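Thanks for making time this morning. I would like to walk you through a few local features and one chain contact, so please keep the view on the screen as we go.

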Amino acid sequence: MKVDKKDVEYVAMLARIELSEEEKELYSEQLSTILAFFDRLKEVDTENVQPTSHVVDLVNAYRSDQVRPGPGVEEVLANAPDRAQRFFRVPKILD
Amino acid sequence: MDLHEETIQGLHTKLARREVSSEEVTRHLLARISQLNPELNAYITVTEEEALAQAREADQRLANGDATSPLCGVPIAIKDNMNTRGVRTTCASRMLEHFVPPFDATAVRKLREAGAVFLGKTNMDEFAMGSSTEHSLFGPCRNPHDHERVPGGSSGGSACAVAADLCIAATGSDTGGSIRQPAAYCGVVGMKPTYGRVSRFGLVAFASSLDQIGPIAKDVTDCSLLLQALCGYDPCDSTSVDSAVPDFASFLTGDVRGLRIGIPGEYFIEGMDAEVEEAVRNGIRILEKEGARPVEISLPHTAYGIPVYYLIATAEASSNLARYDGVKYGFRAKGASDTLRQMYHRTRSEGFGAEVKRRIMLGTYALSSGYYDAYYRKAQQVCTLIRQDFVEAFQHCDVIVTPTVPSPAFPIGEKTGDPLQMYLLDIFTTTVNLAGLPGLSMPCGTTSGGLPVGMQILGRHFDEGTVLKTAFAFEQQTLTTSKTQA
C-alpha cells in the first residue's frame with residue numbers, strides 16, 4: 001500500500017498533528033513500507049471469523065450511580081496550561 | 001552481600017529482624033543512584049525526600065511489630081507511566097513533562113499501602129511506544145551489561161534499575177512485550193500477568209485492550225511477591241476481573257514432574273541468533289531433566305502477530321492519545337494561536353516525539369474511512385485466530401516455553417532509523433498480549449559477548465501460578481546470576 005504525501009496530510013489533519021515537509025516525506029515512505037509488510041494479512045482466510053475486540057469474557061461492568069468525593073477544582077486546574085478563574089482558557093473556537 | 005544486592009525476600013527478613021533499617025537501605029540505594037544514574041539514565045525522577053519519609057514510616061511500622069507485608073520498607077522503582085500522587089509522571093514525553101497527578105494509580109496505591117518505598121520514576125520509551133528506551137524525552141537508557149547497547153523497552157529504565165541494583169525491584173507495563181523484552185535484555189525476571197489481573201486505573205493508557213502492569217525483579221520469588229501485591233479486582237478499572245487471587249508462593253515448590261511443556265516450532269525460526277536458540281533449548285533440557293515432558297505444538301498464526309499487534313495497538317493509541325489537546329493538562333505550544341484548532345495541531349506537533357507521531361498516524365490511517373475493513377477489522381479477525389491457536393495448544397500442554405526475543409540487546413542507534421526492523425523484534429511477545437495470556441521472561445544464559453538471553457514461559461488465562469512454578473524450578477537448577485558490574 002502506497003501512502004503518498006496527500007494521504008499523509010489527510011491523516012495528519014484527522015489526527016490533529018501539524019507536520020513539517022520533511023516529516024511528511026519521512027512518514028509517507030515509512031508508512032508505505034510498514035503497510036506493505038502488513039499486507040501479508042491478506043493471505044489469511046477470515047471469511048467466517050469473528051473479530052476480537054476484547055480478550056477476556058467480560059460483559060458490561062455496571063456500578064450504582066452514587067455521588068462520591070472527587071478532586072476539587074483547584075486540584076484539577078493545577079495542571080492546566082492556561083486558566084481564568086475556575087475555568088480552562090482556550091483560544092477562540094470559531095474561525 | 002552489599003545492601004543493594006538484596007532481594008525483596010532477603011531484605012524483608014533483615015528488616016523484620018531489625019538487622020537493618022529501611023532508612024539505611026534507602027539511603028544506600030539513593031547514594032548508588034546518584035553515582036550510577038548519570039551514566040545509565042534508568043531514572044527520570046529520583047524522589048529522595050519522599051523515599052526517606054516513606055522509609056521512616058516503614059521503620060515505624062516494623063518497630064511496632066508489623067512485619068506482615070513482605071514489601072514493607074523495601075525500596076522499589078515505578079515506571080514513569082503510572083500516576084504517583086504529587087510526583088511528576090512524564091511518560092518520557094514533552095506532553096507530560098511537568099504533569100503532577102492528583103492521585104495514585106491503583107497499582108501504586110497498593111504498593112504504597114504495602115509499605116514499599118518509592119525511589120523514583122523510571123525511564124521508558126515515550127508513552128511506552130518502543131522496544132529500546134531510546135525514544136525518551138530524557139535521552140536513552142543504557143544496558144548495564146554493555147553501556148553501548150539498549151536495555152530494551154519500553155520498561156527499559158525499570159529493567160536496567162533492577163539489573164544494576166539501583167532498586168530492589170520495579171514495576172513495568174507490557175502492551176506488546178514491554179516488561180518481558182527488557183527483562184530478557186537486562187538479565188532479570190519480568191512478568192506480564194493475565195489481562196484483567198492487575199488494575200490499570202492510573203496507568204497512562206497506550207492500547208487499552210492489551211496494556212497490563214507487572215513486576216520486574218531479581219529472581220522468581222521476588223517476582224511472585226511483587227505480583228501478589230499488584231493483583232486484585234478494582235472497580236475503577238472496568239476490565240479488571242473479579243476472581244480470587246491465589247497465593248503465588250505456594251506454587252514455588254521446584255517440582256515440575258509430569259508438567260507438559262509446549263515447544264512451538266514457529267518460535268524457533270530461521271535467522272534467529274544461534275546462541276539464543278541454544279540457550280533456550282538448553283533451558284528446556286534442564287526442565288526435562290527435572291521431570292517435565294516436552295511436547296511439540298504449533299501456533300500457526302505466529303507470523304501474523306506483528307501486523308495484527310501494530311494495527312490494533314496503534315489504532316487504540318491514536319484514540320487514547322486524542323486526549324492530549326493542550327487544554328486540561330500537559331503541554332501547550334507556546335506563542336499565539338489564532339484558533340483552538342490551530343492550537344491543537346501545534347501542541348500535538350511539538351508535544352509528541354517522532355515514534356509517537358508515527359504510531360498515531362498509522363493508527364489513524366488504519367481506522368480511517370475506506371481502510372477500516374482492510375486493516376483494523378482484518379487485524380481483529382486474525383487476532384481471533386491467534387487466540388484460538390493458543391486455546392488449541394493448551395489442550396496438549398500446561399505451559400509454553402520460547403525465546404523472549406530472537407536476538408540479544410542491540411547497539412544504541414542501530415534501529416532507530418528503521419521502525420519496521422524495531423517492530424519485528426516483538427515477534428515472540430506481541431501474540432501473548434493479543435491472546436491476553438500471562439507470560440514471564442527469565443535469564444537462561446549469556447551469549448559469548450556476555451549479553452543475557454531471556455527464556456519466555458507462557459501459561460493459560462489466570463494461571464500465573466504454573467508459569468511461576470516452572471520458572472522457579474528452572475531457577476533452582478541454574479541459579480543463573482543476573483549480577484553485573486555496573
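Let me start with helix α5 of chain B, residues 156–163, where eight of the eight residues are buried, and here buried means that 20 or more other C-beta atoms lie within 10 Å of the residue's own, with 12 or fewer counting as exposed, anything in between as partly exposed, and the C-beta atoms placed from the backbone. Among the buried residues of this helix are Ser158(B), Cys160(B) and Val162(B). Helices here are DSSP runs of H or I with at least four residues, strands are runs of E with at least two, and both are numbered from the N terminus. Just after α5(B), Asp165(B) takes a positive phi of about 60 degrees.

Before I go on, a word on the source: this is a predicted model, in which local features need pLDDT of at least 70 and side-chain atom pairs count only at pLDDT 80 or more, while totals for chains, interfaces and linings use all residues. Residues are numbered from 1 along each chain as its sequence is written, and chains are lettered from A and ligands numbered from 1 in the order in which they are written.

Now the loop between β3 (117–122) and α5 of chain B, which holds Ser154(B); a cis peptide bond joins Gly153(B) to Ser154(B), with omega about 10 degrees. Phe127(B) is found in that loop as well, and its phi is near 55 degrees, a positive value in a residue other than glycine. Is Phe127(B) buried or exposed? Phe127(B) is buried, because 28 other C-beta atoms lie within 10 Å.

Another phenylalanine, Phe462(B), lies in the loop between β11 (452–458) and α15 (464–478) of chain B, and phi there is near 60 degrees, again positive in a residue other than glycine. Phe462(B) counts as buried, with 20 C-beta neighbours inside 10 Å.

Finally, the contact between the chains, which takes 52 residues from chain B and 42 residues from chain A, where two residues are in contact if their C-beta atoms, placed from the backbone, lie within 7 Å. On the chain B side, the elements giving two or more residues include α9, α10 (340–351) and α12 (372–393), and α12(B) provides the largest share, eleven residues. As for α9(B), residues 305–320, that helix is mostly covered, with 14 of its 16 residues buried.

How values were computed. Expected span 1.5 Å × (residues − 1).
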